Amino acid sequence: MKAVAVLPGKANSAHLASLDKPDLKTVPNGRGVLVRVLRVGVDGTDKEINAAEYGAAPKGYDFLVTGHEGFGIVEKVGPNVTELKPGDYVVATVRRPGNSIYDLIGTNDMTTDDTYYERGINLLHGFLTEYYVDDAEYIVRVLGTLKNIGVLLEPFTVVQKGITQAYEAQRRLRVWRPRKAAVMGAGTIGLLAALSMKLRGMDVTVFARQPKPSIRSEMLAQIDVRYVSTLEMPLLEAGKQYGPFDLTFEATGASQVVFDAMQTVGKNGVLVLSSVTGGNKKVEIPADKINLDFVLGNKLMVGTVNANREYFESGVRDMALGQAMYPGWLEKFLTHPVEGLDNYQDAFTKLETAKEAIKVFYEVAAL
Ligand code: BGC
Ligand code: ZN
């Protein structure tokens, strides 16, 4: 069967690889699930992997099958799988366990190991192929009514984890009722974070560079989220007007934004950082002021990456809630389909050039 792969360490090496159709028996204990891939989303991580800035091949291979935002349908299950059956729509989690105590308790997303295993990213093949097999432990069922937007689940879990982590950490306060929230960045993650905050009843402001009106500012207006272009009003000024913020989700991919965002955090507030910044940027910051305000305001900043099973499950529930509150809104993310695995060049071109693209995704097989 076909797969989209790269040669890690070699830039622009995307190509079609060929793999054997996987067998249920590769998973011990009769807990295997064979999934036929229907759709796979791509994002900045895939771009970085093809640029050889990120990613490693599995042991014994010189190539890595990419794709970590999968969506598929169960075709066969092993004898000890009771929670899934053929015909179920599913999404697989991305990270697989290592050895730290966090991995041992099923929170692979919190690993303290230096080496981590992520399907389609690091040391494990991904989902940009026709079929995959995995342990039922890592496969989450998606309601059939969500099948059109199921490919958004993996990015949504990154948001779910970040926000859940904020609530968990804020238990330090005994009482925490975030009212004013901010999102830095209006990419897929930023838009999904805004939705997630709306579902929790917050007043949300999204900050991004692009002037309005734009597809994004209009989409946000539809769910009653304020959009501020930082070209029109600088973040620090807008922060005074619409903040200070109880909860901020940073997802711009630009580390310098973090230090401005820190200056808009309210007393007892929390700033969640999710940008994976591989560069080497340096910035000058008002260090005394930022530090003083964090100390005197009991403020918190927390990093977050990846997501484990519980966030995939809560992601499915929140997607259903999102559909109920704002019917048709999540479908609007699916701006740039790519037809079939053969068209991987088209997928990269769309990722690089289509500025208005919210989600580029492969249609591997018909839904
Ligand atoms: C993926 C995460 C992953 C992270 C770091 C993101 O694009 O969505 O699942 O943990 O990259 O590799
Ligand atoms: Zn991703």
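In what order do the three strands of the open sheet with mixed pairing stand? Before selecting anything, keep in mind that the model on screen is a predicted one.

**The open sheet**

Select strands S7, S8 and S9, and the order S7-S8-S9 can be followed across an open sheet whose pairing is mixed. Strand S7 (95–96) and strand S9 (123–124) stand at the edges with a single partner strand each, so one side of each of them is left without a neighbour in the sheet. Turn next to strand S8 (residues 117–119), which is joined to S7 by two bridges in an antiparallel arrangement; to find one of the positions where the two strands meet, display arginine 96 and look for its bridge partner in S8, which is tyrosine 117.

**Strand S1 and its partners**

Move to strand S1 (residues 2–6), which is mostly covered, with four of its five residues buried. Strand S2 (residues 15–18) pairs with S1 in the antiparallel sense over four bridges, and alanine 3 has alanine 17 of S2 as its bridge partner. Strand S4 (residues 64–65) is also antiparallel to S1 and is joined to it by two bridges; here valine 6 stands opposite leucine 64 in S4.

The phi angle of asparagine 12 is near 50°, which is a positive value in a residue other than glycine, and with a relative accessible area of 65% the residue is exposed.

**Ligand 1 and its shell**

Now centre the view on ligand 1 and display the residues that surround it, namely Asp43, Thr45, Tyr54, His68, Glu118, Ile121, Glu154, Val158, Val305 and Asn306. Coloured by class, this shell divides into four nonpolar, three polar and three charged residues. Three distances can be checked from here. A polar atom in the side chain of tyrosine 54 lies 2.9 Å from an oxygen atom of the ligand; for glutamate 154, an N or O atom of the side chain is 2.9 Å from an oxygen atom of ligand 1; and a polar side-chain atom of asparagine 306 likewise lies 2.9 Å from an oxygen atom of ligand 1. Taken on its own, ligand 1 has 310 Å² of accessible area, and the protein covers 92% of it.

A C-alpha distance drawn from phenylalanine 312 to isoleucine 139 gives 9.2 Å, although 173 residues separate the two in sequence.

**Serine 196 in helix H4**

Go on to helix H4 (residues 188–199), where serine 196 lies. Is serine 196 buried or exposed? Its relative accessibility is 0%, so the residue counts as buried. Its side chain makes a polar contact of 3.1 Å with the side chain of glutamine 160, and its contacts beyond four places in sequence are Phe156, Val159, Gln160, Ile163 and Asp318.

Step back to methionine 233, in the loop between strand S14 (226–229) and helix H6 (235–242). Its 18% relative accessibility means that methionine 233 counts as buried, and its contacts beyond four places in sequence are Val228, Ala238 and Gln241.

For the last stop, select asparagine 298 in the loop between helix H8 (287–296) and strand S17 (300–303). This residue has a positive phi of about 50° although it is not a glycine, and at 47% relative accessibility asparagine 298 counts as partly exposed.

How values were computed:
Residues numbered from 1 in each chain as written. Chains lettered and ligands numbered in written order. Predicted model: local features only at pLDDT ≥ 70, side-chain atom pairs only at ≥ 80, totals over all residues. Heavy atoms only, no water. Near = heavy atom within 4 Å. Polar contact = N/O pair within 3.5 Å; in protein donor to acceptor, adjacent residues only side chain to side chain. Areas by Shrake-Rupley, 256 points an atom, 1.4 Å probe, with all protein chains shown as cover. Nonpolar A, V, L, I, M, F, W, Y, C, P; charged D, E, K, R; others polar. Buried < 20%, exposed > 50% of the residue type's maximum accessible area, 1.4 Å probe, protein only. Contact = heavy atoms within 4.5 Å. Pairing = 2+ DSSP bridges.
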